[in-house]
Amino acid sequence: MAPLDGLRVLDLTMWRPGPYATQLLAQLGADVIKVEPPRGEPMRMFRSHFDVLNRHKRSMVLDLKSEDGLARCRELAGGAEVFVEGFRPGVADRLGVGHEALRELNPGLVYCSISGYGAEGPLSDVPGHDINYRAYAAALPPDAVSPEADELPIADMSAATMAAFAITAACLKARATGVGDRIDLGMADVLAHWVGTVPEATRRSGAGPVPGYGVYPAKDGRKITLGVVSEDKLWAATCRALGIGEHADVPFAERLGRIGELDAAVTAAVGKLTGAEAIERLTEAGAPVALLLSRAEMLGVGHFGQRRVQAEGPVRTTVHPPLPEGPVAELDEHRGQGWRHLTD
């Protein structure tokens, strides 16, 4: 049995944030029924994206603008523990599946709304997508440029992960008290909170925050990353591996006062090596190094393959493991079905 076996989740979300949140729950065993509009979720047009966000879910088409579709959705909500929607604020209420309406049917329901700026506040009605939320939350650098198609949608994924966490926390309380909750989660809120935990930069040095922490180009065009912070041992290992041992014994406090000089030495040393040579030398020395990989290269990394990250998700549990890679439901494949029982 997976950790969330028996958790019933009614999922009315589309695109990425909501589906990834419910995917995390499904991977851990939750019974997720994905309610789709009559023509299906638009993301189905992009199957390479859709499939990885919707494994282990069942699909049911319900037209919430029809009496029968709305009645069936409310019936399922009456037997659910979790209801997740990603509409613009106010839309769920207008459709008849808002929090207050469903709370009357099911007082123990955990109702999660995921939106760009949250259900309340001056920005709540402003439309947007990932790049807008990152901009408002100061989660884009001052020299930001338009993203490429393969750039990680940080706002979407961080909000989805936070939603899965909040849902499980609320379910613990609901099971103990019989009283559900309403989770109002704004994607920009998550990033704003994250940014607020990072100290503001007082100056721009052109280097990393400390020597040996940053991205460094090799002579063949590959890039490596180094992750030295305050650790004298890691700094010394990096210097010796790169042939700049004269700097190996500089203590952390002194390194902070010589950031430009020392980071330039690291940059020059890496620039004399190919990416493979730099990785080999630094790894052998025990330095914190990683080659900057493409998506295709990442998918071939043996570490992630051994840990079955793509097949089973990012959560590892020992006693109750997550579900293995599973099927993706075809549109309306599970019409007429109800909630599963643990004996199924």
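Mentor: We take the ground rules, then the tryptophan, then the salt bridges.

Trainee: What should I know about the numbers?
Mentor: This is a predicted model, where local features need pLDDT of at least 70, side-chain atom pairs count only at pLDDT 80 or more, and totals for chains, interfaces and linings use all residues. Residues are numbered from 1 along each chain as its sequence is written, and side-chain values use heavy atoms, with hydrogens and water left out.

Trainee: Which helix holds Trp235?
Mentor: Helix α9, residues 232-242. Helices (H or I, at least four residues) and strands (E, at least two) are DSSP runs, numbered from the N terminus.

Trainee: Is Trp235 buried or exposed?
Mentor: Trp235 is buried, at a relative accessible area of 0%. Buried means under 20% relative accessible area, exposed over 50%, and partly exposed in between (1.4 Å probe, protein chains only).

Trainee: What is Trp235 in contact with, beyond its neighbours within four places in sequence?
Mentor: Pro211, Gly212, Val228, His247, Ala248, Val250, Arg255, Leu262 and Val266. Contact means heavy atoms within 4.5 Å.

Trainee: And how far apart in space are Trp235 and Pro251?
Mentor: They sit 8.9 Å apart, C-alpha to C-alpha, with a sequence separation of 16 residues.

Trainee: New topic. How many salt bridges?
Mentor: The count is 17. A salt bridge here is a side-chain nitrogen of Lys or Arg within 4 Å of a carboxyl oxygen of Asp or Glu.

Trainee: What about Arg134 and Glu151?
Mentor: Their side chains form a salt bridge at 2.9 Å, N to O. Arg134 lies in helix α6 (residues 130-136) and Glu151 in the loop between α6 and α7 (154-177), so this pair ties together parts 17 residues apart in sequence.

Trainee: How accessible are those two?
Mentor: Arg134 counts as buried at 10% relative accessibility. Glu151 counts as partly exposed at 33%.

Trainee: And Asp332 with Arg335?
Mentor: That salt bridge is 2.7 Å, N to O. Asp332 is buried, with a relative accessible area of 18%. Arg335 is exposed, at 56%.

Trainee: Which residues are linked in a network of salt bridges?
Mentor: Asp31, Arg58 and Arg340 are linked that way.
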